[in-house]
Amino acid sequence: MTSGEHWLDPISIGTVRIDFPCALAALAGFSDQPMRRICREMGAGYAIGEVLLDQLVIAVGRRKQRRYLGVSDDEHPLAGQIMGNTAEDLATAAVRIVDSGFDVVDINMGCPVRKVIGRQRGGWILSDPTIALEMISRVRDAVPDAVPVTLKMRRGMDDTAEGETKFWTILDGAIERGVAAVTVHGRTVQQKYNGPSDWNFLAKVKRNVGSKLRIFGSGDLFEAEDVLRMLRETHVDGVTVARGAIGNPWIFRELAALLHGQPKPHPPTLAEQRDFFERLFAYSVEVYGEKRAPSEVGRHFLRTAMRHHPQPNAVRDALVAAGSRGWETVLEQWYPKNES
Ligand SMILES: Cc1cc2nc3c(=O)[nH]c(=O)nc-3n(C[C@H](O)[C@H](O)[C@H](O)COP(=O)(O)O)c2cc1C
């Protein structure tokens with residue numbers, strides 16, 4: 001690859017500048033502050049926090065503030081994502097997101113979880129452009145002009161022509177109301193995670209909006225090479241890496257190399273994996289405290305081991321035997337300190 005390709009230029013989302021177009025996606029249970037910090041250290045140019053229910057954001061007290069709304073100095077630019085079913089509560093939550101230090105407010109219009117849809121939140125919003133646009137207007141009006149408002153959308157509720165028409169109605173209305181960027185996941189809400197993400201749809205979206213709106217592509221970015229392919233094939237401005245980053249924050253250092261025309265770095269050594277767990281633990285202690293941090297790291301440990309340890313099944317068995325809080329014992333046993 002040659003340097004000078006379009007994705008090497010910084011992107012601006014309104015007033016917020018992103019120097020590298022590969023972001024850590026919004027990932028409930030995974031894009032919390034410790035993981036966001038690590039992915040940024042590995043090269044991600046941006047991150048979107050886990051989805052937060054508007055009611056939670058509004059009501060969260062001092063004790064849990066750090067856990068849900070904490071932002072560390074080294075993770076800007078950063079988006080906070082909110083989800084709700086009334087424009088009013090969403091707008092109130094948006095203000096709190098901004099007051100907490102997030103640089104961008106992202107509205108979730110994509111979550112396909114049945115309970116969420118049943119409560120007319122997340123992906124359900126795509127079925128009602130009037131409500132969607134009211135939410136956008138209220139949130140846009142509630143936060144300062146300098147704070148960008150962005151959306152996360154799937155390509156529709158379902159595969160019907162009506163579903164697609166509603167997508168375009170919301171997208172056009174979003175541009176009129178000053179939305180700065182939209183992340184499009186190329187699956188429908190009904191599709192959940194079955195079948196492929198439709199990248200042709202992403203290309204169509206980018207073609208249609210031109211320079212009026214920044215588009216981040218999402219869906220089926222499992223390896224660094226997939227990201228390159230998406231950027232080339234669809235011409236989206238950036239990508240959000242989701243499942244491809246779970247257990248694999250190194251995908252961002254691979255992307256940094258590949259997008260700059262350098263060879264793909266070696267897979268993480270055991271020492272590098274060990275360093276990841278130790279840093280994740282240190283950051284988790286800051287956010288969750290000593291007592292809860294081990295189980296938070298445990299969640300990432302298994303996925304990382306399954307992906308990168310040469311004896312994944314043995315590590316998995318050791319983790320099961322040790323329990324989710326026992327990962328430190330497994331670390332000592334299976335991740336030598338000076339291995340390279
Ligand atoms: C465990 C998990 C949690 C997710 N949480 C969120 C979320 O909080 N907000 C959101 O907008 N999307 C969420 N997503 C969707 C991802 O951001 C992404 O759009 C989707 O996984 C498609 O990308 P992929 O096929 O590359 O994984 C989540 C996905 C997964 C697998």
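**View 1. The buried residues of helix α10 in the predicted model.** The residues of α10 that count as buried are Ile251, Phe252, Arg253, Glu254, Leu255, Ala257, Leu258 and Leu259, where buried stands for under 20% relative accessible area, exposed for over 50% and partly exposed for what falls in between, with a 1.4 Å probe and protein chains only. Helix α10 covers residues 251–259 and is mostly covered, eight of its nine residues being buried; helices (H or I, at least four residues) and strands (E, at least two) are DSSP runs that are numbered from the N terminus. The cover over these buried residues includes β3 (22–24), α1 (33–42), α9, β11 (238–241) and α11 (270–288), contact being defined as heavy atoms within 4.5 Å. Just after α10, Gly261 takes a positive phi of about 80 degrees. Residues are numbered from 1 along each chain as its sequence is written, and side-chain values use heavy atoms, with hydrogens and water left out. This is a predicted model, in which local features need pLDDT of at least 70 and side-chain atom pairs count only at pLDDT 80 or more, while totals for chains, interfaces and linings use all residues.

**View 2. Thr234 in helix α9.** Thr234 belongs to helix α9, which comprises residues 224–234, and Thr234 counts as buried because its relative accessibility is 2%. A polar atom of the Thr234 side chain lies 2.7 Å from the backbone oxygen of Met230. When residues up to four places away in sequence are not counted, Thr234 touches Trp199, Leu202, Ala203 and Lys206.

**View 3. Ile11 in strand β1.** Strand β1 (residues 11–13) contains Ile11, which has 7% relative accessibility and therefore counts as buried. Ile11 and Pro21, ten residues apart in sequence, are 7.0 Å apart in space from C-alpha to C-alpha. Leaving out residues up to four places away in sequence, Ile11 touches Val16, Arg17, Ile18, Pro21, Arg214, Phe216, Asp237 and Gly238.

**View 4. The cis peptide bond between His76 and Pro77.** Most residues other than glycine have a negative phi, and most peptide bonds are trans. The bond that joins His76 and Pro77 is cis, with omega at about -5 degrees, and Pro77 is found in the loop between α3 (62–69) and β6 (78–83).

View 5. Gln120, a residue other than glycine, has a positive phi near 60 degrees and lies in the loop between α5 (114–118) and α6 (129–142); with a relative accessible area of 41%, Gln120 is partly exposed. Lys192, also a residue other than glycine, has a positive phi near 50 degrees and is found in the loop between β9 (181–185) and α8 (199–209). At 38% relative accessibility, Lys192 counts as partly exposed.

**View 6. The whole protein, as a setting for the close-ups.** The protein has 14 helices and eleven strands, and its C-alpha trace spans about 55 × 50 × 35 Å along the principal axes. Of its 340 residues, 55% are buried. Among the contacts in the protein with a separation of 6 or more, 70% are accounted for by residues 24 or more positions apart.

Key. A polar contact is a pair of N or O atoms within 3.5 Å; within protein, one must be able to donate a hydrogen and the other to accept it, and residues adjacent in sequence count only if both atoms are side-chain atoms.
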